[in-house]
Amino acid sequence: MQDPQTHPYSLPTIDDAEGLARAMAMQDKLSKRRTCRDFTDQPVPREIIEQAILAAGSAPNGANHQPWHFAVVGSRDKKHAIRQAAEEEERRFYGEDGDDPKASDEWLSALAPIGTDASKPFLETAPWLIVVFAQRKGGIEEDGKTQNYYVNESVGIACGMLIATLHEAGLATLTHTPSPMGFLRELCGRPDHEKPMMIVVVGHPAEGATVPAHAMRKKPLSQIASWL
């Protein structure tokens with residue numbers, strides 16, 4: 001096998017003290033991120049969304065196939081259609097359509113401290129919805145045939161980088177995952193080999209916006225890390 005072409009790679013040299021200071025500063029910034037459910041309709045420049053998506057597009061991924069697509073929705077009519085379809089699925093999930101809920105009692109109990117229900121007004125109020133699709137096939141050329149690898153892992157990392165960049169830009173976000181999500185493929189005009197993963201709602205928090213007290217509880221380092 002022929003050796004692949006390579007390019008030089010390096011990082012600016014900093015000492016350990018500066019590295020720690022930067023890590024602490026980043027941790028402090030990201031620790032202030034919260035999921036927001038009350039947005040204003042204040043416009044957000046498209047250029048900010050573009051830069052956040054470019055940041056997400058630099059995420060590590062399987063075989064560098066970059067198996068993601070970000071469908072950015074700003075149209076009032078399209079956002080309305082997404083809200084209608086999402087709330088229809090949510091009513092089934094919570095059992096608000098008159099039938100037994102799709103969610104288990106355990107799942108609904110876990111959601112109770114967050115206070116969510118089938119109403120999703122933020123899907124229309126916020127200026128942007130970023131619908132994230134995982135490309136199961138396509139490769140870097142997006143031919144629709146080449147197999148992609150580690151798709152869920154790659155897209156998950158990209159979404160984390162997207163949300164972190166939007167937070168750094170001073171914007172609030174919410175990740176919404178109606179189940180099932182097939183309607184998003186049709187509404188966004190995406191091909192069958194793409195799987196909708198989530199809607200990232202983006203905008204400014206409404207005046208008086210709150211977050212559930214339950215959401216403020218974070219596991220300590222001793223619980224989320226082990227040193228071997």
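Where is Pro180 found? Pro180 sits in the loop between S3 and helix H7 (182–187). Before going further, here is what we're looking at.

## About the model

This is a predicted model, in which local features need pLDDT of at least 70 and side-chain atom pairs count only at pLDDT 80 or more, while totals for chains, interfaces and linings use all residues. Residues are numbered from 1 along each chain as its sequence is written, and side-chain values use heavy atoms, with hydrogens and water left out.

Helices (H or I, at least four residues) and strands (E, at least two) are DSSP runs, numbered from the N terminus.

## The sheet and its helix

Four strands make up an open sheet, in the order S1-S2-S4-S3 and with antiparallel pairing. Two strands pair if DSSP finds at least two bridges between them. At the edges are strand S1 (68–73) and strand S3 (172–176), each pairing on one side only. On average, neighbouring strands here are turned by 25° against each other, direction ignored. For such angles, axes are lines fitted to C-alpha atoms (for helices over the stretch in contact), and the values run from 0 to 180 degrees between N-to-C directions.

S2 (residues 128–135) and S4 (residues 194–203) run antiparallel and are joined by 8 bridges. Gln135, for instance, has Glu194 as its bridge partner in S4. Lying across S1, S2 and S4 is helix H2 (residues 46–56), which runs at about 170° to S1. Contact here means heavy atoms within 4.5 Å.

Most residues other than glycine have a negative phi, and most peptide bonds are trans. Back to Pro180, then: a cis peptide bond joins Ser179 to Pro180, with omega at about 0°.

Gln66, in the loop between H2 and S1, has a positive phi, near 50°. Tyr150 also has a positive phi near 50°, and its place is in the loop between S2 and helix H6 (151–168). As for accessibility, buried means under 20% relative accessible area, exposed over 50%, and partly exposed in between (1.4 Å probe, protein chains only). Gln66 counts as partly exposed because its relative accessibility is 26%, and Tyr150 is exposed, with a relative accessible area of 60%.

## Two pockets

A pocket is an open set of points on a 1 Å grid over the protein atoms alone, where a 1.4 Å probe fits, with protein on both sides within 12 Å along at least five of seven lines; lining residues have an atom within 4 Å of a point. Grid points are joined across faces, edges and corners, and a volume is the space filled by probe spheres set on the points. The largest pocket has a volume of about 320 Å³. Its lining has 16 residues, with Glu90, Tyr94, Lys120, His176 and Thr177 nearest the centre. Helix H3 (76–94), helix H4 (105–111) and S3 each give two or more residues to that lining. By class, the lining splits into 8 nonpolar, 5 polar and 3 charged residues. Ala, Val, Leu, Ile, Met, Phe, Trp, Tyr, Cys and Pro count as nonpolar, Asp, Glu, Lys and Arg as charged, and the others, Gly among them, as polar.

The second largest pocket holds about 220 Å³ of space. Among the residues lining it are Arg33, Arg34, Arg37, His214 and Lys218. Its lining has 3 nonpolar, 2 polar and 5 charged residues.

## Thr116

Thr116 lies in the loop between H4 and helix H5 (122–125). Not counting residues up to four places away in sequence, Thr116 touches Arg37, Tyr94 and Leu111.
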